[in-house]
Amino acid sequence: MNILYCGDGNIADGVIISVLSLCRTVKEPLNIYILTATVSHRSTHRNALPSDFAAFLEEKAKEYDKDNTVTLIDITDLFMSDKPLANMDTRFTPCCMLRLYADLVPELPDRVLYLDNDVICRKDPFEFYYQDMENASVAGVLDYYGSWFFRKNIFIRDYLNSGVLLLNLKKIRESGLFRECRSKCKNEEMFMPDQSAINKLCADKQICHRKYNEQRKLRKDTVFQHFTTSFRLFPWFHTVSVKPWNIKGMHKTLHISEYDSLLSEYEKVNEEYKRRAIKNEYTERNSRFLFNR
């Protein structure tokens, strides 16, 4: 099963949790791909994920299945040479648009499941992943809020949430869909730019059951739970945004304890990665000192 994540160095926590959840539920080898980039624009600077992160994550993934792989692909040059200029200074990080460059990456296979880093896999997504995609470029689930407010036809809800998307990259490469999306993001400022571009330009979406991208609350049939920002009416109107790595918030605000075992493993894995990173930095600093003497 081919899985894709995208982002800068800030997505590490979420990717660890999401990948561990896949390792626990998927009953076949996983090929994890991560598109990353170092992005500089005016006062904004975001560093790419380091290569040692992917190596470490692969080591942990192989503890579940020796055939699991993690491949980190730095697309800084691709992104910086064709930046989504109209949306570089919006409240949405430029790196959320990295998925729109997937068609330009030859290492990515024809079928790949894109996941946001705040998505937890709860059940094996076998049926979703292997659905017939012959006549579709993307398959996904209606956006819980956006499908009511953002639609081309007022009588049809067809606005997908882009946090869980099955991509037919073969068809996308042939049609130029993502090329058109990149152009739109370059020339037109939009709310949730990458998601909006895909929804406005993709004419062959496949709409799937909400259990494959549950954005509201945990249900018995939930396969993927996506921890998006939601609205609450009581005791007053407010927004709630709790990510899986905010374990206290998961308990106190969302009242979710089902993932405690997963999050406990995440804490141990994350702590080990941090210790290794500090050790590697210390070793590298000493090597540079000895070399320059």
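## A loop residue with positive phi

His255 is located in the loop that joins α9 (247-252) to α10 (260-292). Helices (H or I, at least four residues) and strands (E, at least two) are DSSP runs, numbered from the N terminus. The phi of His255 is near 55°, a positive value in a residue other than glycine. Most residues other than glycine have a negative phi. His255 is exposed, with a relative accessible area of 64% (exposed means over 50%, buried under 20%, partly exposed in between, with a 1.4 Å probe and protein chains only).

Met192 also has a positive phi, of about 50°, and is not a glycine. This residue belongs to the loop between α7 and α8. Met192 is buried, at a relative accessible area of 19%.

## The model as a whole

This is a predicted model, in which local features need pLDDT of at least 70 and side-chain atom pairs count only at pLDDT 80 or more, while totals for chains, interfaces and linings use all residues. Residues are numbered from 1 along each chain as its sequence is written, and side-chain values use heavy atoms, with hydrogens and water left out.

The protein contains ten helices and 13 strands. Of its 293 residues, 50% are buried. Among the contacts (heavy atoms within 4.5 Å) with a separation of 6 or more, 72% are between residues 24 or more positions apart.

## The sheet

Seven strands form an open sheet with mixed pairing, in the order β5-β2-β1-β6-β9-β8-β10 (two strands pair if DSSP finds at least two bridges between them). At the edges stand β5 (69-74) and β10 (205-208), each with a single partner strand, so one side of each has no neighbour in the sheet. From one strand to the next, the twist averages 25° (angles run from 0 to 180 degrees between N-to-C directions, and axes are lines fitted to C-alpha atoms, for helices over the stretch in contact).

Within the sheet, β6 (residues 111-115) and β9 (residues 160-168) pair in the antiparallel sense over five bridges. Leu113 has Leu166 in β9 as its bridge partner. Helix α1 (residues 12-25) packs on the sheet, where it touches β1 (2-6), β2 (31-36) and β6. The direction of α1 makes about 170° with that of β1. Helix α2 (residues 51-62) packs on the sheet too, touching β2 and β5, and its direction makes about 165° with that of β5.

In α2, the buried residues are Phe53, Ala54, Phe56, Leu57, Lys60 and Ala61. They lie on the same side of α2, because they cover an arc of only 165° around the axis (the arc is that of the directions from the helix axis to the C-beta atoms). An α-helix has 3.6 residues a turn, so residues three or four places apart point the same way.

Helix α7 (residues 177-187) has Leu177, Phe178, Cys181, Arg182 and Cys185 as its buried residues. Their arc around the axis is only 135°, which puts them on the same side of α7. Arg179 and Asn187 are exposed on the other side of α7. The buried residues of α7 pack against β9, α6 (169-175) and α8 (193-201).

## A buried residue in a loop

Ala136 sits in the loop between α4 (126-129) and β8 (138-142). With a relative accessibility of 1%, Ala136 counts as buried. Its contacts, leaving aside neighbours within four places in sequence, are Asn168, Lys171, Asp204 and Gln206. Ala136 and Leu166 are 30 residues apart along the chain, and 9.7 Å separates their C-alpha atoms.
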